[in-house]
Amino acid sequence: MADSPIAVEQHSPALQHHFADMEQQRQASSLGMWLFLATEVMFFGGMFCAYLIYRYWYFPEFAAASKSLDITLGTVNTAVLICSSLTVVMAVRAAQLGKRQAQVIYLALTLILGLAFLGVKAIEWTSKFKGHHVPGASFNFEGTIPSHPDQPVDQRHAQIFFSLYFAMTGMHALHMVIGVGIFSYLLYYAWKGRYTPDYHTPLENSGLYWHFVDIIWIYLFPLLYLIDRKK
């Protein structure tokens, strides 16, 4: 007698022994990822709150320090991450349709875009190190208040801006590095043909993580780069 559909599914190599079926496993995995992302929202939310409070207190100094950031590099990185979100979606869709080659291509593109983002960010950070904009004993920011060009910026308040800048973009970059590692793993197993229309939960959950990291940058970009920007 042929095995029933349930029996076949229970013997699927991807099904963990403590789940009744693949759908239950998928739902449990998705719930776990959403709970993890909720903790990440609270983590980044604390830094966003700190930034907004200090921005309110020292807005002129924050505006002056923000103008020292390279808006072109920031814009390029924003475009890169938006494109990477698209390639992640296409990779998941390819898995749903059982297109192994397309999965590999889109995951490889996601990795390339993620590494491109980190490369651009490294260039930007290098310029900040050379310009002595890293908080510490050697910190020096020669800027003026935008509304009062003859008034120099308070160095202490400028250091607060750059402390938050490096903390927030640094944590974001760390999440990008983790994401690159995850998608390297996914790329290898996609190439091995592991993800199929019946089993592609790791792709979906990793995609949620990647979209979350992209959304964080969508908020960081205007807050850090576009304060009081004028022609």
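I take a residue as buried when its relative accessible area is under 20%. The model I am working from is predicted.

**Entry 1, the chain as a whole.** By that cut-off, 40% of the 231 residues of the chain count as buried. I then looked up the accessible surface, which comes to about 12,600 Å². Carbon and sulfur atoms hold 66% of that surface. For secondary structure I noted seven helices and two strands. In sequence order the pattern reads α-α-α-α-α-β-β-α-α. Among contacts with a separation of 6 or more, 78% are between residues 24 or more positions apart.

I searched the whole structure for aromatic pairs and got 23. I looked at F48 and Y219, whose ring centres are 6.4 Å apart. Their planes stand at 70°, and edge-to-face requires over 60, so I logged the pair as edge-to-face. Where do the two residues of this pair lie? I find F48 in helix 2 (residues 22-57) and Y219 in helix 7 (residues 201-225). The pair therefore ties together parts that are 171 residues apart in sequence. F48 has 14% relative accessibility and so counts as buried, whereas Y219 has a relative accessible area of 52% and is exposed.

I next took F117 and W217, an edge-to-face aromatic pair with 5.2 Å from centre to centre and 85° between the planes. F117 belongs to helix 5 (residues 100-130) and W217 to helix 7, so I recorded another link between distant parts of the chain, here 100 residues apart. I found both F117 and W217 buried.

Which residues form one aromatic cluster? I listed Y51, F62, W125, F129, F139, F141, F161, F162, Y165 and F166. Separately, I noted R194 over the face of Y189, at 5.0 Å from the ring centre.

I located H133 in the loop between helix 5 and strand 1 (144-145).

How values were computed:
Residues numbered from 1 in each chain as written. Predicted model: local features only at pLDDT ≥ 70, side-chain atom pairs only at ≥ 80, totals over all residues. Heavy atoms only, no water. Phe/Tyr/Trp six-rings, centres within 6.5 Å; stacked < 30°, edge-to-face > 60°. Helix = DSSP H or I, 4+ residues; strand = E, 2+ residues; numbered from the N terminus. Buried < 20%, exposed > 50% of the residue type's maximum accessible area, 1.4 Å probe, protein only. Lys NZ or Arg CZ within 6 Å of the ring centre and 35° of its normal. Contact = heavy atoms within 4.5 Å. Areas by Shrake-Rupley, 256 points an atom, 1.4 Å probe, with all protein chains shown as cover.
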